[in-house]
Amino acid sequence: MHPAIPEKPSLDGLGEKWSARWAADQTYLFDRSASRDQVYSIDTPPPTVSGSLHIGHVFSFTQTDVLARYHRMTGKAVFYPMGWDDNGLPTERRAQNVFGVRCDPTLAYAPGEATPGSLEHPAKGKEQTPVSRRRFIELCQELTAYDERHFEDVWRATGLSVDWSLTYQTIGDRARATAQGAFLRNVRRGEAYVAEAPTLWDVTFQTAVAQAEVEFRDADSTFYDLRFDGPTGPLTIATTRPELLPACVALVAHPDDERYQNLFGGVVRTPWWEAEVPLLPHKDADPAVGTGLVMVCTFGDLTDVTWWRDLGLPIRAIVGRDGRLLPDAPSGVDAERYAPLAGLTVKAARRETVRTLREAGLLLGERPLRHAVKYYEKGDLPLEIVTSRQWYITNGGRDDRLRDEMLRRGEALNWYPPHMRARYESWVRGLTGDWLISRQRYFGVPIPVWYPLDDHGEPRYDQPLLPAEGRLPVDPRAEVPDGYAPEQRDEPGGFTADPDVMDTWATSSLSPVIAAGDLMDRVFPMDLRPQAHEIIRTWLFTTVLRSHLEYDELPWKNAVISGWVLADNSSKMSKSHNTVAPPLAAIAEHGPDAVRYWAASGRPGVDITPSREQMRIGRRLAVKLLNASRFVLTFPSSAEPVTSPLDSAMLARLASVVASATAAFEAYDYPGSLSTVERFFWEFCDDYLELAKPRAYSPDSGSAVAAMRTALDTLLRLFAPFLPFVTEEIWSWWRTGSIHLAPWPSSAGLASAGLSAGGLSSGGLSSGGLSSGGLSSGGLSSGGDAALAAASEVIAAVRRAKSEARLSQRAPASAVTVTGPAASLAALRLVADDLQAAGQIGSLILTESSGPLTVTVAL
């Protein structure tokens, strides 16, 4: 036996051992000299750095790693970076909680000022000390650096084969310069613009929200029937937002609604406030809902925005950015009657309004209602719509030509699974406005714009000052535009900085470009975008959009969409709901290969739960691989060719496994590949090794040993993408170099290695891709799978009979009678000697019949 083979192989410690070795040897370093046609590039999702990873991250990232390892073994130079999404609201929120601070941009910077909490001892309680913007950003950077080290530890423990020299941060200099440069080019091409417009607004975080960040949550509410005074008498309107009555600017009904034909163009008075508003026709009003009349307020919902825009209505804004009603009544509204509402929260204003209307006899009825309400995906209160000045990028929401182009991009992309394309198309078709990219936050990529101030100190938003791209990245709040002096900041005739940062997706949508850096010509467009299905509307769509606008092509060829890992309650795992499972605990209990086995068993697009049973199966597979390999390598390498029909049949079957596993990988069906290889492996151990073992111990062992070692060599490489630690360990017992840099097995290589002098001394199996032809004439038995399949069925029946009789498997069987078709019996005759030796069968009787194969065992 080779001295490297342990007496008692174990999985313990393999993770730490090989993670360290791969790092030291730079096993997965990308070959920067490779040409584009030699590269397989992956646009890996940068996980949000907000505390910790959970088992769901390991699930999806392992699936990507399996594909990376496969393509590396096919001879590709795999571009496999790791990014950290460390800017934006999640980081700010975590910094506030850990350090016990909040950002106050009016404060002066105090270097190194103490905070209530630290990384080692997070703050307790909800009190937050104000700190300057610069100090707040420093704390965010300190926190993300800490979290990223922990994330890297988890990924190394999981066995991700990323090139750690390619790591990037979405808040890093390269990312900021890339994002700002792309934005400036959007501006110069007319694709980005600043506008004062109704905007979805989260009152908790005091920031604008894009359509893609909205989620619907069911909530209990009430329909209130209100009495308006119409041109010819009372009119009834039903609404869930009576507090917006002071913001009412019109009533609308469908143009064909006969009830209101003679009222269109007339004036209506609102209840209590008695503001005059027109009654107008609009095609979007539904005559079948309620009375067919709808109150238009500025603004209660996005439909209000549509009617306001289409009908050219005025604005009567009453809700402020803090979610409270503004102190002053809007134009046309009685100030004295409005005063009790001023400064109230929306909910309190609703209660006060309902009380007032009820007492005045203007509330005609109330009905309970449960309906879907818009929320910011990270927010706790319903969204409001306020008017604010924001930056937008055109996305097809208001441009039919661009919308059609984005749909065609989706059709050109290869989707796995294919039905996920429908989610993309549904999102594109449902867009109602352009992409709002500015956010009123602090820790993000600054919008690189200044505005000149007129003689009254008012910004000239129509004349933005843009930096040269050579200056990027810039922070307009700390730097000065060309041609101005620092003392001109915020002074009449001087300049002012845009105070906002970009939406996190405005940076992440450029992940292929940020990751590629100076390797764009080698890796772009990329081969693979792996991601989860819930961010098709955000990350996938916005990346396609930015690539379309900038390069007029798709950013990648294939998109593999992973499912969710579900918590015990069948919902998506969520740190905010405390339903996550820690990955390192699962790795410590079952081993990294077992956790990877569970992850790789999940099909693209299909949700899954963490399965301890599946991980135990994976661990049992890894242990069996250790023990079976040790058994095979017990026999010295043989230089003899494969001559036995049983050995040839096994290799023929293995060749078809290689073909099937490879075809599955090429179709991004990694669980199908794993299933195919695993099924053969257990057949190999349970049937073939048992059948060939007696001959391997005999003087005539050459063919059996050559076939065993050929099969082991092949199986290790087939398993390597899924079980990288245990396969690397076994490979090190008898091979040099890393198995993960060895060639993927091919049918031609298998035939050559199995049939010409054993083929196992040092070179292993031949390289090159797998052709679809399988094994050619290399001398394998024409019986092929039939001989091995028939022998497996008979030996299984013999083992079963001995077990039922409570006899040792070494006990003899006096006679075994096999009845079946002539072809099956002919195949059995080829391997009869192996069958009798393996089953301790005294007499093997073969009887032809037209029925299925049956086995009778006499003990």
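Before the first stop, a word on terms: a strand here is a DSSP run of type E with at least two residues, and strands are numbered from the N terminus. Keep in mind, too, that you are looking at a predicted model.

**Stop one: a threonine in a strand**

Select residues 495-497, which make up strand 21, and pick out Thr-496 within that strand. Is Thr-496 buried or exposed? Its relative accessibility is 16%, and buried means under 20%, so Thr-496 counts as buried.

Now show side chains. Which residue does the side chain of Thr-496 reach with a polar contact? Look for Asp-490: the two side chains make that contact at 2.7 Å.

**Stop two: two helices crossing**

Next, colour helix 9 (residues 400-412) and helix 14 (residues 536-551). They pack at an angle of about 110°, and their axes are 11 Å apart. That makes helix 9 roughly perpendicular to helix 14. The crossing is right-handed.

To see where they touch, select Leu-402, Glu-405, Met-406 and Arg-409 on helix 9, then Phe-541, Val-544, Leu-545, His-548 and Leu-549 on helix 14. By class, this contact has six nonpolar, one polar and two charged residues.

**Stop three: another pair to compare**

Move on to helix 2 (55-73) and helix 4 (133-158). Here the packing angle is about 55°, with the axes 11 Å apart, and the two helices are therefore oblique to each other. Their crossing is right-handed.

For the contact itself, pick His-57, Val-58, Phe-61 and Thr-62 in helix 2, which meet Val-154, Trp-155 and Thr-158 in helix 4. By class, that gives four nonpolar, three polar and no charged residues.

**Last stop: a covered helix**

Finish with helix 21, residues 724-734. How many of its 11 residues are buried? The count is 10, so helix 21 is mostly covered. Among the buried ones are Phe-725, Ile-730, Trp-731, Trp-733 and Trp-734.

What does the covering? Helix 2 and helix 4 from the previous stop are part of it, and the list also includes helix 1 (14-25), helix 16 (592-600), helix 17 (612-633) and helix 20 (702-719).

Key:
Residues are numbered from 1 along each chain as its sequence is written. This is a predicted model: local features need pLDDT of at least 70, side-chain atom pairs count only at pLDDT 80 or more; totals for chains, interfaces and linings use all residues. Side-chain values use heavy atoms; hydrogens and water are left out. Axes are lines fitted to C-alpha atoms, for helices over the stretch in contact, and angles run from 0 to 180 degrees between N-to-C directions. Helices (H or I, at least four residues) and strands (E, at least two) are DSSP runs, numbered from the N terminus. Angles under 35 degrees count as roughly parallel, over 145 as roughly antiparallel, 65 to 115 as roughly perpendicular and the rest as oblique. A crossing is left-handed if the near helix is turned anticlockwise from the far one by less than a right angle, and right-handed if clockwise. Contact means heavy atoms within 4.5 Å. Ala, Val, Leu, Ile, Met, Phe, Trp, Tyr, Cys and Pro count as nonpolar, Asp, Glu, Lys and Arg as charged, and the others, Gly among them, as polar. Buried means under 20% relative accessible area, exposed over 50%, partly exposed in between (1.4 Å probe, protein chains only). A polar contact is a pair of N or O atoms within 3.5 Å; within protein, one must be able to donate a hydrogen and the other to accept it, and residues adjacent in sequence count only if both atoms are side-chain atoms.
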